[in-house]
Amino acid sequence: MHGCLDLLNAAVEKFHDRHLVLLGDYVDRGPDDRGVLDRVRDLVEFGRATALMGNHDDMMIRAVLEGGAQRSGCITVGT
């Protein structure tokens, strides 16, 4: 989804009667990383989806754990 909540919501709506398997890359490039992550979490918690981690998600986690997320622009405060 690369931070595009509207695309994720469209997929959820289109396949409303199916269990979704989300293949990762929830963050990076789009305008709403936080919204996508919140929506993915909700879908998994309610049993609507299985979420796998993509390479962009792995890069974000590594940046946060290594303290470089703010410097690299990975995190936008307030979103």
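Helices here are DSSP runs of H or I with at least four residues, strands are runs of E with at least two, and both are numbered from the N terminus. His56 is buried, with a relative accessibility of 10%. The terms work like this: buried is under 20% relative accessible area, exposed is over 50%, and partly exposed lies in between, using a 1.4 Å probe and protein chains only. Leaving aside residues up to four places away in sequence, His56 touches His2, Asp25, Val27, Asp28 and Arg29, where contact means heavy atoms within 4.5 Å.

Please keep in mind that this is a predicted model, in which local features need pLDDT of at least 70 and side-chain atom pairs count only at pLDDT 80 or more, while totals for chains, interfaces and linings use all residues. Residues are numbered from 1 along each chain as its sequence is written, and side-chain values use heavy atoms, without hydrogens and water.

Helix H2 runs over residues 33-45, and its 13 residues reach 18 Å from first C-alpha to last, close to the 18 Å expected at 1.5 Å a residue. That expected span is 1.5 Å times one less than the number of residues.

Asp33, Gly35, Val36, Val40 and Leu43 are the buried residues in H2. They lie on the same side of H2, because they cover an arc of only 165° around the axis, taken from the directions from the helix axis to the C-beta atoms. These buried residues pack against helix H1 (5-14), S1, strand S2 (49-51) and H3. On the face turned away from the buried side, H2 carries the exposed residues Arg34 and Glu45. After H2 comes Gly47, with a positive phi near 75°.

## Salt bridges

The whole structure holds three salt bridges, each a side-chain nitrogen of Lys or Arg within 4 Å of a carboxyl oxygen of Asp or Glu. Asp38 pairs with Arg41, their closest N and O atoms 3.3 Å apart. These two residues are three apart in helix H2, so about one helical turn separates them. Arg41 also forms a salt bridge with Asp42, at 3.6 Å between the closest N and O atoms, and Asp38, Arg41 and Asp42 are linked in a network.

In the remaining pair, Asp58 and Arg62, the closest N and O atoms are 2.9 Å apart. Asp58 is partly exposed at 25%, and Arg62 is partly exposed at 48%.
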